[in-house]
Amino acid sequence: MSKINKELEKKFGSKKIKFDSETLIEYGQDWYKGIEPDPQAIFFPETAKDIQEIIYFAKKKGLKLLPSGGRTGLSGGATAVCKEIVVSMKNLNEINWIKGSHRLKCQAGVITETAKSMAKEKSRILPIDFSSTSSSMIGGNVATNAAGAKFIGYGSTKNHVRNMTVILPNGEITPLGKVAEKDASGPDLMELFIGSEGVFGFILDVTFETYPEPKFSESICLNADSLDDLYKIIQEPSDIISAIEFLDLNSQLLLSNEAPSKYEVLIELNSDSEHKIEYFLRDVAQKVSDVNLLNSRQTKLFWEKRELLPVKLSEMGAVKFDFCVDKLSTEKFMNEVEMNISKAKIFNFGHLGDGNIHLNIIFEEQNDEQVSVVYEILKSFGGSPSAEHGIGKRKKGIWNRFPQYKQKLKLLETLKKSIDPDEIIAPKVFFDN
Ligand SMILES: Cc1cc2nc3c(=O)[nH]c(=O)nc-3n(C[C@H](O)[C@H](O)[C@H](O)COP(=O)(O)OP(=O)(O)OC[C@H]3O[C@@H](n4cnc5c(N)ncnc54)[C@H](O)[C@@H]3O)c2cc1C
């Protein structure tokens, strides 16, 4: 055992710090497996004081730390690459209702699904919805500002955060957020941690708003060879659409060997007014020829296959892009990619209501030139190269590819230097340090 590991074990005990190869492999990386993990050790704090202690230890010894949640991130943010001590938040998993409110206070290591189920017990919803919520953790959701299928109805994780406590890279425990409903005491510094991917410190706990379950819910499925009819439905804002999910032809064929049309689209409707839903359904029936009301079993089946799709594509070695373009330009964008990429199989699926396309490409031979072509097309559509999966270590290239991020990166670097001058936390995320 190395000298440093001996010191770590002496200080924290063998229950909280681990170095065996199985633990290093399991906790040293996230879901994106394109980066070779290289952790020093895995630390399992049980209290905030443990995190402070590891920060002081790391400062003294010149070590680096990496916050880690459920490791479902898709950008390598939670993959250790330079002998970081991975700080797994999994044992910081207390969850409680704030008395007299509909707010849930969760420590960072609470599994997302646990928080959602707790809300459900009170007929409330915490609308952080995607297929990895049975493994992802609250701290990771906030650190990536996770979005997902219900973005169109409820926004991203950020919209539900009311308060949080963070531990800064100097070890200070800092409560952030409003002290009362209206609180204009300077800028909202919670924002700095939402989507921060760990670079400004540890998110220790988060208080979320929850919402009443809608009284009525329906899902419809559209099969179409063009998205024109769908655009007629979604061009006006609607307060009852909570998700619009789509699969293109290749995605449908991969999942079931049959596809009645080029696109399969599910629209989920939620409302307290049955009348509003009926009105919407009547309107859709007039605009679209092939539309079906789904029963609960059919709805469940759709979401199951949708969840399976990214897993299958990862297993097949697909190159994954997570783009957002104007929602009424999605088909044009997909066609443009199709026309300009050769010797590859292309799969498109995702959250159509927000223009968020998870473009997956299986290249016959992976080819940087073709990847550049895809980014150039995105640029010509004025789209975002990372709609919901963050930057991490994997997507730092976009800073240079997209000139509009130049000033933002500069400001991020300035903030990082001021908050974490020794660059202890989350090295190589966002920056090349
Ligand atoms: C099959 C699949 C489907 C997915 N679908 C979606 C989707 O639809 N929408 C979407 O947005 N995402 C999706 N994701 C990505 C992922 O699930 C989310 O980004 C999730 O929020 C990550 O949470 P985590 O706990 O796993 O974080 P991790 O992967 O552990 O960490 C992610 C980042 O947050 C940092 N971090 C973690 N915890 C803390 C903390 N307490 N304090 C400070 N920093 C921290 C890490 O250092 C890392 O940079 C999907 C992933 C998979 C595998």
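The model is a predicted one. Its chain contains 15 helices and 18 strands. The radius of gyration is 22 Å, close to the 22 Å that the globule rule gives for 433 residues, so the chain is as compact as a globular protein of that length.

**Overall form**
- The C-alpha trace of the chain spans about 70 × 55 × 40 Å along its principal axes.
- Of the 433 residues in the chain, 43% are buried.
- Among contacts in the chain with a separation of 6 or more, 71% are between residues 24 or more positions apart.

**Domains**
- The chain is divided into two assigned domains, with domain 1 covering residues 95-212 and domain 2 covering residues 216-380.
- A distance of 28 Å separates the C-alpha centres of domain 1 and domain 2.
- Contact between the domains involves 7 residues of domain 1 and 10 residues of domain 2.
- The side of domain 1 that touches domain 2 comprises 4 nonpolar, 2 polar and 1 charged residues.

**Ligand shell**
- The ligand is surrounded by 39 residues, of which the closest are Gly69, Gly73, Gly77, Gly139 and Gly140.
- At least two residues of this shell come from each of β3 (65-68), α5 (138-143), β10 (202-209) and α11 (296-315).
- Helix α5 gives the most to the shell, supplying 4 residues.
- By class, the shell around the ligand holds 18 nonpolar, 17 polar and 4 charged residues.

**Helix α12**
- Helix α12 runs over residues 330-340, and its buried residues are Thr330, Glu331, Phe333 and Val337.
- These buried residues line one face of α12, because they fall within an arc of 160° when seen down the helix axis.
- The other side of α12 carries the exposed residues Lys332, Asn335, Met339 and Asn340.

Methods
Residues are numbered from 1 along each chain as its sequence is written. This is a predicted model: local features need pLDDT of at least 70, side-chain atom pairs count only at pLDDT 80 or more; totals for chains, interfaces and linings use all residues. A residue is buried if 20 or more other C-beta atoms lie within 10 Å of its own, exposed if 12 or fewer, and partly exposed in between; C-beta atoms are placed from the backbone. The arc is that of the directions from the helix axis to the C-beta atoms. The radius of gyration is taken over C-alpha atoms; the globule rule is 2.2 Å times the number of residues to the power 0.38. Two residues are in contact if their C-beta atoms, placed from the backbone, lie within 7 Å. A residue is near a molecule or strand if its C-beta atom, placed from the backbone, lies within 6 Å of it. Ala, Val, Leu, Ile, Met, Phe, Trp, Tyr, Cys and Pro count as nonpolar, Asp, Glu, Lys and Arg as charged, and the others, Gly among them, as polar. Domain bounds come from an automatic or database domain assignment.
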